[in-house]
Amino acid sequence: MTNSRDYGPITDEDLVAYLDGMLDDESTEHVERELAKDRALEERFTLLKAGDRPFAEAFDLLLQEAPHRRLDDILDRALNPPQPVSEIPAQTASAGEAGSLTGRARPWGGWRMLAAAAVAMAVFAGGVLTARFIPVPGVKVASLPAQKGWRAAVAEYQSLFVKATLENSAHDWKAQEENLGRALSHVGIKLDLDKVSVSPLDFKYAGILEFKGKPLVQLAYLYDKQTPVSFCIIRNGKPEDHGILAEQRLGLNISHWQAGGYGFMVIGDVPQQAVDEIARALKSRLS
Amino acid sequence: MSDDVHEIVSAGLKDNLARLWRYGLVLSGSRDTAEDLVQATCLRALERVHQFQPGTHVNRWLFTILSSIWKNELRSQKIRQGTGFVDAEEALVSDGAEQMETNILVREVLKEIQALPEVQRTTVFLVYGEGLTYQEAAETLDVPIGTIMSRLASARARLGQLNEDGTKRKGKGRRG
């Protein structure tokens with residue numbers, strides 16, 4: 001497929017193609033002729049030949065070490081996304097959904113659970129496996145290991161989001177209102193779409209999650225129509241309130257506060273100042 | 001028709017999960033990121049099932065998707081997080097008892113491969129690990145075939161040099 005028919009100087013690339021058996025007969029003969037009479041070329045050839053390794057054997061070893069069960073789970077979740085919460089009868093939403101999502105024993109870290117939700121959500125958003133228009137791409141997620149805080153888990157979840165994840169969400173205001181209302185009812189909060197709409201954020205959808213048995217809601221937005229930003233609320237019951245604090249996790253900027261038994265956070269790959277401003281605007285509307 | 005294509009892609013994903021993970025590991029040097037890449041590839045492939053051309057190799061299509069996700073989305077994120085390009089010692093070489101029983105030479109080879117620059121490592125993997133032709137590797141990585149050849153030559157020169165250096169070191173050791 002590759003040849004050196006122009007018979008210019010033979011390069012390292014030609015020699016490697018020769019070693020790999022990728023030259024046609026004519027070029028192979030040419031390289032062999034040159035090797036026989038050019039000492040410097042032969043030395044170069046010897047060096048490149050010494051760069052051979054049992055590559056296939058080495059890479060096969062990695063194949064044996066693949067986490068097959070977890071990979072099967074990943075595909076399974078992508079192929080069989082959980083039902084939207086809106087389609088699950090209220091009294092079975094907890095136990096019933098746990099059967100399909102959290103009932104499977106799996107050795108995943110917490111964020112992986114959330115990550116699986118991202119896949120399900122994005123598949124919903126893409127409308128591949130379900131109808132094109134799904135107003136509530138929410139899922140419930142299993143509890144997470146004790147060592148991780150909710151903001152860490154959300155940060156890891158958020159880090160999986162790209163613009164395309166959110167682009168196909170419903171645009172219809174009424175559907176978004178319904179989606180938002182259902183999601184917020186999960187944490188016992190009532191807010192209309194106007195209240196959670198803060199410039200330059202474009203609301204995309206509200207997703208229902210769960211962290212260590214505590215209800216968690218994610219309001220997903222695109223910032224300047226480009227960058228995913230989320231406003232998350234967890235009903236964690238913590239008694240100590242605190243004002244807005246800034247932090248960074250996984251390269252994402254966060255502003256978070258605690259009030260009235262709820263934890264709040266705004267997170268995204270946008271400047272800290274922008275995150276702070278969004279957090280202040282949302283906080284004032286909530287109080 | 002679209003159901004057929006969906007089945008082909010689904011079956012292709014199922015058959016290639018471990019290979020995709022391995023490719024993700026070679027690209028990122030991180031087992032967790034490799035899983036993320038498989039996850040994102042599953043999602044993207046199912047989203048774009050209509051773009052798959054029946055009769056072509058589904059595994060190569062999936063590899064192309066994974067390459068693209070790494071290159072355009074996750075790579076910069078991992079670098080920003082400082083979690084890309086980990087040391088050779090901890091990347092391709094696994095932990096656990098299994099490692100102890102494995103051929104030491106092969107482990108050494110994995111270390112050497114991991115120490116290659118990312119573009120060389122990836123190309124070596126596709127051509128020598130996955131058995132792709134130069135042209136197929138070029139299409140998977142969306143680079144000219146000359147780039148593939150150049151990367152392979154650089155990788156082999158580098159690995160060849162390691163042999164030479166090793167020989168010299170041993171020679172000095174013996175003399176000392």
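**Labels and their cut-offs**

Reply: Start with H7(B), where B:Tyr134, B:Glu136, B:Ala137, B:Ala138, B:Thr140 and B:Leu141 are buried. This is a predicted model, in which local features need pLDDT of at least 70, side-chain atom pairs count only at pLDDT 80 or more, and totals for chains, interfaces and linings use all residues. Residues are numbered from 1 along each chain as its sequence is written, chains are lettered from A and ligands numbered from 1 in the order in which they are written, and side-chain values use heavy atoms, with hydrogens and water left out.

Me: What makes H7(B) mostly covered?

Reply: Six of its eight residues are buried. Buried means under 20% relative accessible area, exposed means over 50%, and partly exposed is in between (1.4 Å probe, protein chains only). Just after H7(B), B:Asp142 has a positive phi of about 60 degrees.

Me: What counts as a helix or a strand, and how many of each does chain B have?

Reply: Both are DSSP runs numbered from the N terminus: helices are H or I with at least four residues, strands are E with at least two. Chain B has eight helices and zero strands. Its pattern along the sequence is α-α-α-α-α-α-α-α. Of its 176 residues, 53% are buried.

Me: Why is B:Arg22 called buried?

Reply: Its relative accessibility is 2%, so B:Arg22 counts as buried. B:Arg22 sits in helix H1 (residues 2–28) of chain B.

Me: Which residues does B:Arg22 touch?

Reply: Leaving out residues up to four places away in sequence, B:Arg22 touches A:Phe59, A:Asp60, A:Leu62, A:Leu63, B:Phe125, B:Gly129 and B:Glu130. Contact means heavy atoms within 4.5 Å. A network of salt bridges also links B:Arg22 with A:Asp60, B:Arg19 and B:Glu130.

Me: Why is the pair A:Glu65 and B:Arg31 called a salt bridge?

Reply: The term requires a side-chain nitrogen of Lys or Arg within 4 Å of a carboxyl oxygen of Asp or Glu. For A:Glu65 and B:Arg31, the closest N and O atoms are 3.2 Å apart, so the pair meets that rule. The pair crosses between chains, from A:Glu65 in the loop between helix H4 (55–64) and helix H5 (68–79) of chain A to B:Arg31 in helix H2 of chain B. Side chains of opposite charge can pair when their charged atoms come close.

Me: Are A:Glu65 and B:Arg31 buried or partly exposed?

Reply: A:Glu65 has a relative accessible area of 11%, so A:Glu65 is buried. B:Arg31 is at 24% relative accessibility, so B:Arg31 counts as partly exposed.

Me: Which side chain of chain B meets A:Glu65 in a salt bridge at 2.5 Å, N to O?

Reply: That is B:Arg107. Between chain B and chain A the count is six salt bridges. Over all chains, a search of the whole structure finds 17.

Me: What is the spacing of A:Lys174 and A:Glu178 in helix H10 of chain A?

Reply: They are four residues apart, about one turn of the helix, which spans residues 173–185. A:Lys174 is exposed, because its relative accessible area is 57%. A:Glu178 is partly exposed, because its value is 37%.

Me: How many residues of chain B and chain A are in contact, and what area is buried between them?

Reply: 58 residues of chain B are in contact with 53 residues of chain A. The buried area is about 5000 Å², with carbon and sulfur atoms giving 68%. Buried area is the accessible area (1.4 Å probe) that two parts lose on being put together, summed over both. B:Glu35, B:Gln39 and B:Arg156 supply 15% of the area that chain B buries against chain A, more than any other three residues.
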